Amino acid sequence: MEAVHVLCTLRFTEEQLDKLRAVSSRLEVSQKTCNSAEELTAALNRDVEVLYAYHTPTNLEAAPGLRWVQLHSAGADHLLDTPLWRSTVVITTISGIHVITICEYVLGSMLAFTRRFSRMFYFQQRAEWPSHRWKNFVGRELRGSTISIVGYGSIGRELARLSRCLGMRVLAVKNDPRNRVDAGYTLPGTGDPDGSIPEAIYTPQELHRALEQSDYVVLSVPFTPATRGLIGQKELRAMPDHAYLINVSRGGVIDQEALVRALQEGWISGAGLDVFEPEPLPADSPLWKLDNVIISPHVSGFTPRYDDYATNLFAENLRRYLKGKPLLNVVDRRRGY
């Protein structure tokens, strides 16, 4: 049996690389850390058949034997209009490894809003015991409230599971509500494999039906031409004025100008934002000065176990590749994810 040459371009530890090598004696796994597309292109050679990378090559001429690229990201939107995207090379993502940390981030945001944590921090920093405590701190309970999860992939499904544990009513929005089964990669014990948790699953064309019932709206859709500007003025107007919007997708999914107006004029109560367009968020953005916004610098997926999770998924995909089985998280170029 011929050897399969695998090039990893991240900073994996020897233990993580040995995990990959242990999949099969056929694998020849090497690592060369690359910090740019140019460095990655220079690292390629004609022997490379499988590539693990975040950046994409500026051209593929140096790797005529390349058959599969495993991305170090859940999204593939940064590949659009690249030589890799236009090629026939199979692309897979690491969608599914972020579910624990991102869902905990979302729950933290919802709790911060409903328990008025920002006000608590404000008075704490002033060493002030506030008057009118009921008016300042009473909030809706999560139990019995409704969450609409827009994008029902690995993150959305785990968020549904956790929300149900908190006694919340769960609605979801996905492209094909008839297809409820999760075919993507999931961490053990997470998610909603058979799609049974939501009380209702709506199509994107029925998005407003979900929005108008929501106390919390969470965006976890892939960023594609179809989802750019998904949430604009009409959608924000459709949400109840006590509702909160949380975005862990991409900044371009929201019309940011419309969101600023919605927050300033009270169309909705607040927003938890981990992603923006552009990034970094400019210092003159009005979002920085709004007291009903939680801003984080695109960190909701951060975890010290990131590379362990990533190499676990890559190892499973390597097993499948060698056996000729379907890979997990294959990018559909027609859909953009």
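Two strands count as paired if DSSP finds at least two bridges between them. Helices (H or I, at least four residues) and strands (E, at least two) are DSSP runs, numbered from the N terminus. The structure shown here is a predicted model, in which local features need pLDDT of at least 70, side-chain atom pairs count only at pLDDT 80 or more, and totals for chains, interfaces and linings use all residues. Residues are numbered from 1 along each chain as its sequence is written, and side-chain values use heavy atoms, with hydrogens and water left out.

Start with the sheet of seven strands. This open sheet has the order β8-β7-β6-β9-β10-β11-β12, and its pairing is parallel. The edges are held by β8 (200-202) and β12 (293-295). Each has a single partner strand, so one side of each is left without a neighbour in the sheet. Neighbouring strands are turned against each other by 15 degrees on average, direction ignored. Axes here are lines fitted to C-alpha atoms, for helices over the stretch in contact, and angles run from 0 to 180 degrees between N-to-C directions.

Look next at one pair inside this sheet. Strand β6 (residues 146-150) pairs with strand β9 (residues 216-219) in the parallel sense, over four bridges. Val150 has Leu219 in β9 as its bridge partner.

Helices lie on this sheet. Contact means heavy atoms within 4.5 Å. Helix α7 (residues 154-165) lies across β6, β7 (169-173) and β9. The direction of α7 is at about 170 degrees to β6. Helix α10 (residues 256-265) also packs on the sheet, where α10 touches β10 (244-247), β11 (270-273) and β12. The direction of α10 makes about 140 degrees with that of β11.

One runs from Glu277 to Pro278, with omega near 5 degrees. Pro278 sits in the loop between β11 and β12. Another cis peptide bond joins Glu279 and Pro280, with omega about 0 degrees. Pro280 also has its place in the loop between β11 and β12.

Now turn to the sheet of five strands. This one is open too, with the order β2-β1-β3-β4-β5 and parallel pairing. At its edges stand β2 (27-31) and β5 (90-92). Each of them has a single partner strand, so one side of each is left without a neighbour in the sheet. Strand β1 (residues 4-8) runs parallel to β3, and four bridges join them. Val6 stands opposite Val50 in β3.

Helix α1 links this sheet to another helix. On the sheet, α1 lies across β1 and β2, running at about 160 degrees to β2. The axes of α1 (residues 14-21) and α11 come within 9 Å and cross at roughly 15 degrees. That makes α1 roughly parallel to α11. Angles under 35 degrees count as roughly parallel, over 145 as roughly antiparallel, 65 to 115 as roughly perpendicular and the rest as oblique. In the contact, Gln16, Lys19 and Leu20 of α1 meet residues of α11, among them Asp307, Asp308 and Phe314. The contact residues divide into four nonpolar, three polar and three charged. Ala, Val, Leu, Ile, Met, Phe, Trp, Tyr, Cys and Pro count as nonpolar, Asp, Glu, Lys and Arg as charged, and the others, Gly among them, as polar.

Several loop residues deserve a look. Buried means under 20% relative accessible area, exposed over 50%, and partly exposed in between (1.4 Å probe, protein chains only). Thr56 is in the loop between β3 (48-53) and β4. At 12% relative accessibility, Thr56 is buried. Thr56 touches Ala37, Leu40, Leu79, Thr82 and Leu84, not counting residues up to four places away in sequence.

Move on to the loop between β4 (68-71) and α3 (83-86), where Gly75 has its place. Gly75 is buried, with a relative accessible area of 16%. Gly75 lies 261 residues from Gly336 in sequence, yet their C-alpha atoms are 9.1 Å apart in space. Asp81 is in the loop between β4 and α3. Asp81 is exposed at 68% relative accessible area. Its phi is near 65 degrees, a positive value in a residue other than glycine.

Finish with Asn329, in the segment after α11 (306-323). The phi of Asn329 is near 65 degrees, also positive. Asn329 is buried, at 13% relative accessible area.
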